[in-house]
Amino acid sequence: MTWFLDNFSHIRDLALTHLWLSIVPVVLGFVIAVPVGWWAQRHSRWRALVLGSGGILYSLPSLPLLVILPGILGTSFLDPVNVVVVLTLYAVALLVRTAADAFAQLPPDVLDAATANGHSGLQRVVRVELPLAGPVLLAGVRVVSVSTVSLVTVGAIIGVTNLGSLFTDGFRRDFTTEIVIGVLAVVAIALLLDGLWVLLGRILLPWSTKTGRAA
Amino acid sequence: MIEYRNVGKTFADGTPAVGDFSLVLPSHTTTVLVGSSGCGKTTLLRMVNRMVDPSAGQVLIDDVDVATRNPVDLRRSIGYVMQHAGLLPHRRVVDNVAVPLRLVGVPRAEARTRALDALEKVGLDAALAEKYPRQLSGGQQQRVGVARGLVADPNILLMDEPFGAVDPIVRDDLQQELLRLQRELGKTIVFVTHDIDEAFLLGDQVVILRKGGEVAQVGTPAEILAAPADDFVRSFVGLDKGRRTLRIQEVDGQRIVVDGEGRAAGVLA
Amino acid sequence: MIEYRNVGKTFADGTPAVGDFSLVLPSHTTTVLVGSSGCGKTTLLRMVNRMVDPSAGQVLIDDVDVATRNPVDLRRSIGYVMQHAGLLPHRRVVDNVAVPLRLVGVPRAEARTRALDALEKVGLDAALAEKYPRQLSGGQQQRVGVARGLVADPNILLMDEPFGAVDPIVRDDLQQELLRLQRELGKTIVFVTHDIDEAFLLGDQVVILRKGGEVAQVGTPAEILAAPADDFVRSFVGLDKGRRTLRIQEVDGQRIVVDGEGRAAGVLA
Amino acid sequence: ACGGDPTKAGSDGDSKGDAIVVGSAAFGESEILAEIYAGALNADGIEATTRLDIDQREAYIGAIKEGSIDLFPEYTGNLLLFLDPNATATAPDEVNKALEAALPKGLDILEPSAAEDKDSLNVTAAFAKEHDVTSIADLAEVDGLKLAANPEFKTRAYGIPGLEKLYGITDIAFTAISDGGGPATLKALTSGKVDVADIYSTTPSIAANNLVTLEDPKNLIAAQNVVPLIREDATSEKVAAVLDEVSEKLTTEALLELNTALAGPSKPSAAKVAEQWLKANGFA
Amino acid sequence: MSSVFVEAADWLADPVHWSGVDGIPHRLLEHVGYSALTVAIASVVALPLGLWIGHTGRFRGFAIALTGAVRALPTLGLLTLAVLWVGIGLTAPIVALVVLAIPPLLAGAYAGIEAVDRRTVDAARAQGMTEWQVLARVEVPLALPLILGGVRSAVLQVVATATIAAYIGLGGLGRYLIDGVAVRDYPQTLSGSLVVVLLALVLDGAFAVVQRLAVRAA
Ligand SMILES: Nc1ncnc2c1ncn2[C@@H]1O[C@H](COP(=O)(O)OP(=O)(O)OP(=O)(O)O)[C@@H](O)[C@H]1O
Ligand SMILES: Nc1ncnc2c1ncn2[C@@H]1O[C@H](COP(=O)(O)OP(=O)(O)OP(=O)(O)O)[C@@H](O)[C@H]1O
Ligand SMILES: [Mg+2]
Ligand SMILES: [Mg+2]
């Protein structure tokens, strides 16, 4: 506890960095995955391929990706961009499937009615399909968000500072308090972000009964 | 006036839905297409607003081939009501009803006012306007669907088993409501059902269909009952099963009409 | 004989479903409980096989309080048919029908033979026996449900809107089939529906229920039509809307019976 | 208290301010040394900030090359091995000479300190007694030797290959633990899961657990003197003077004390530990 | 970049890397062994619990909250904590990985049971099935695709994350990653990663087939 107070500003800096490193991949992943998922859903021939590559992407272990990426991207070794890129890849991999499923489960008679009422193609996508896919997309974002917050810590092994640094540091110093505080802080950030998504869901999807349930 | 001229439809996957169908639907009347499941009713109905394009023949509205019209514009000019209401679950009731108006550019405030009028017309309480569809009963949702079909005051209203999913008591109400509205508004209604009782109640003109959209008989309900065209029609309207062959029986001094199956059908006035 | 003695039910969440219900259902007859949605029909029905336990009063079968019986054994001795057939999607049709037999330890081979008999009894082709439920039409599934209800030859058969989800033409068939079976088997049937026509067709005794399981009237169909107990019954059976007030009209030399709403109801024999 | 905003690290190289950025590796001693360098420079009016906890040598050497870091506390032997994987020098002077030669353009080292922290092979007192070992050479007599160390021990010249070549020790069951001779390695040793553990020589746990550090008569393990590694364009006479003074005052014992302080019950930050040393040595 | 891949191909082709304790077959076996052990332990804990929650509907909110919170636990933190508590060896990484594997297994089990049509369950009970019979003969067979889905994602996560456990001294394919990073032997790191990816893909494909069979049966 005293250690926590003594190092509060350090932990806070790490937490802020961590938050940042988590939010960016989730948001980027969402922005990329939704159109891709929508498209894949529309073109059943490509669906399996797109979702399959998503699966492959997701099974890539994070650690080697983090090490190899600077060579491919030409980024600096310490650049948090590496972590952001890797986590964005994971987020896209997971969310593409969610998005495809979300658009697949839209009630056909509602879509049919929307067309029959005179929505043009684009109007239907923007005004009907996207909002109706909202709850499932939100559920997907929540799952991705939690796992991203937890994955960011792996970056600490290769020197990208975040709350995971408390693990590597505590490990070397034989200092469990530091690790426990790190774990708690990570969980807290995950819950905080989750709360944020739920709140966002309440605001954007007031009509939805379930604000998304982890699948 | 809507006219089908030698219309045929085979779907992309090779399913033949309609063979060769011709019919004239007079304006300001209700024509009911009735037939059992899969006989092509929906397919025929959806040709009117180009949700389905015929693979042969033409559909004409007031002598204009719909194939020459932009489908989105066409749909905006025609009301459409379907079995599961098809309301947008993420929009409030009033906004659902306002959709056809908003799509043609009516400002939001005016659209909502007119939507409220339409809701009143179909007998829905204004208090429901701000609810979401799922908060309504099945029957109320259907009324909302009808309100949406009517809100833009289209000349033509397509109704595809609009009361098929609600329970019989509510269905009775909705049917009465529709009869009342039609007396008031005089739209050209194309109504699809597989319930012959509903067809006889609502239809000025009833079209009994066989598989493949083949016309078995066209006429008023009384004409069909009095002179069924063939055994298919006879069986379809229930004349063979005794449901329609009634006799009179005295109970407690009342003259009860009983059908061929022994079911009490009503009391003779 | 089944007897309800001052039965009441309030669900765990506080919903009052049935207030104070008493009734005797004679053996070897069909009693139909009819009423609109939520009036407590299902709740009452399920008290017979202890799928619901009453919170007040008793349900007796041949003078034995069901509360004293082991629920699993009780259920095995009573047939139950429900609206959505409730078939096990992962078992073949014949195995579905055999379930009640297998549960009481009948060997597989014998159970399947008896299941095939039951399928034949309800008019299903033996070719369907090896299919899975989803490969059957709604009407066929309902027949399988009835076969399952009958296979163990129970004295009592509970039927909860068994034909509510099939289209009217198939429903007519199923109703006829049930009438035929009942003439043959003479079970004690408790039948729930919200369709008054169905109630009048099938019921030896018809019980019209109000909200909360309150009895509005009990009697034979003809008795109820001839002397409705009050306005609720009158309206429920349709005597107020003109559906049941019939008159005669000549068309093409036939005497057509027309109801108060102008719908052609049938031809007078 | 430590660490810059890592989200800006990528651009630090291009828009370098005047401040000298001192980096550190991700272990306590390196952090303390970095804080000491920065503290001493600041005390002398040269602005310096720190950028701690960089785990891989490749990462921080890359960072120094690209300019996001200017100064780094290094160890002569390891740095040499990194720059020239085939280097064979082990004695301090040889290492220093080879290191000077191996440095890439733009990088420089200042005067190495006498303070040294290097890999050392340790056994428990009980093991030492039972098998009668005091030197690495004695290990050749032990059958089925189990050894724990950082993963690189497996392939480095001072590791398994060296033990085989110089001392003729074969058939070692090796367990890699990435904690730099930290608690997990120690626990493996004290619990008997392994017989020998590679622990940095200035680690307090050696003394605290009565471990026996084995002698290295054949100079298997290269000298590891603390040395400031610096970018040429960040250095100046003034900077060099300050750091040379620091290096002069640092001793191996001082490193051990610093590490002991860091591991103390209150788990003070590296900055605090460094501050005390600076004060005690007249840099405040 | 491409040169790294060429070197990795050479590394993989080198027979030295296919034999002995540090050879690919042995490391692969270790990896599969750890993963199987982990998933087995986690299944014993999570599946019965999930089935019970799904069947009774009790503690559902608790299960959702728990799986959410456990998902948020960073594996690296758990690994380092566990190793400080129990020391190196198999226990620490297995504990951390079991914790990782529990949420998908639990969620698959209770969501699978929950997704079974309540009317089917009701009908089964009304025919006179005991609670056990309802669970074993109706709910579990019908939930099988989703339960297997849970096992599938648990297996994939464990296989991918077991590599991180090499950081605290575990064997398996993660050794190539951690050792390779430690001495900057990127061909080795990349080769190790490729083998892990291949393993993951093979397992994923196998599960896809099994799941499809289960769907067909259900
Ligand atoms: N989009 C489609 N693609 C292929 N076949 C179709 C399509 N829509 C309908 N069909 C087929 O065309 C035939 C007629 O279908 P339609 O929907 O018009 O029947 P319906 O009379 O409306 O039946 P229901 O009473 O069940 O609504 C059926 O065999 C149906 O399976
Ligand atoms: N398990 C339950 N828990 C709480 N309330 C219930 C439960 N089952 C039924 N109810 C309530 O009890 C009342 C009677 O329900 P019941 O299902 O018996 O009606 P019903 O007459 O069968 O209606 P329907 O025609 O819609 O099937 C309703 O208000 C219903 O919401
Ligand atoms: Mg249709
Ligand atoms: Mg009911």
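Tutor: Strands here are DSSP runs of E with at least two residues, helices are runs of H or I with at least four, and both are numbered from the N terminus. Keep in mind that this is a predicted model, where local features need pLDDT of at least 70, side-chain atom pairs count only at pLDDT 80 or more, and totals for chains, interfaces and linings use all residues. Residues are numbered from 1 along each chain as its sequence is written, chains are lettered from A and ligands numbered from 1 in the order in which they are written, and side-chain values use heavy atoms, leaving out hydrogens and water.

Student: In what sense do strand 7 and strand 8 of chain B pair?

Tutor: Two strands pair if DSSP finds at least two bridges between them. Strand 7 and strand 8 (residues 188-193) of chain B have five bridges, and the sense is parallel.

Student: Is strand 7 of chain B mostly covered or mostly open, and how many of its residues are buried?

Tutor: Buried means under 20% relative accessible area, exposed is over 50%, and partly exposed is in between (1.4 Å probe, protein chains only). I156(B), L158(B) and D160(B) point one way and L157(B) and M159(B) the other, all of them buried. So strand 7 (residues 156-160) of chain B is mostly covered, and the buried count is five of five.

Student: What is the strand order of the open sheet in chain B?

Tutor: The sheet has six strands with mixed pairing. Its edge strands are strand 6 and strand 10 (214-219) of chain B, each pairing on one side only. The order is 6-7-8-3-9-10.

Student: Over in chain C, why is one side of strand 6 and of strand 10 left without a neighbour in the sheet?

Tutor: Chain C also has an open sheet of six strands, in the order 6-7-8-3-9-10 with mixed pairing. Strand 6 (78-82) and strand 10 (214-219) of chain C stand at its edges, so one side of each lacks a neighbour: each has a single partner strand.

Student: Is R46(C) buried or exposed?

Tutor: R46(C) sits in helix 1 (residues 41-48) of chain C. Its contacts (heavy atoms within 4.5 Å) include Y80(C) and D122(E), not counting residues up to four places away in sequence. With a relative accessible area of 13%, R46(C) is buried.

Student: Which side chain makes a polar contact with the side chain of R46(C)?

Tutor: A polar contact is a pair of N or O atoms within 3.5 Å; within protein, one must be able to donate a hydrogen and the other to accept it, and residues adjacent in sequence count only if both atoms are side-chain atoms. Here the distance is 2.5 Å, and the partner is D122(E).

Student: What rotation superposes chain C on chain B?

Tutor: Copies are superposed by least squares on the C-alpha atoms of residues with pLDDT of at least 70 in both. The RMSD is 0.1 Å, the shift along the axis is 0.1 Å, and the rotation is 179°. The two copies are thus related as by a two-fold rotation axis.
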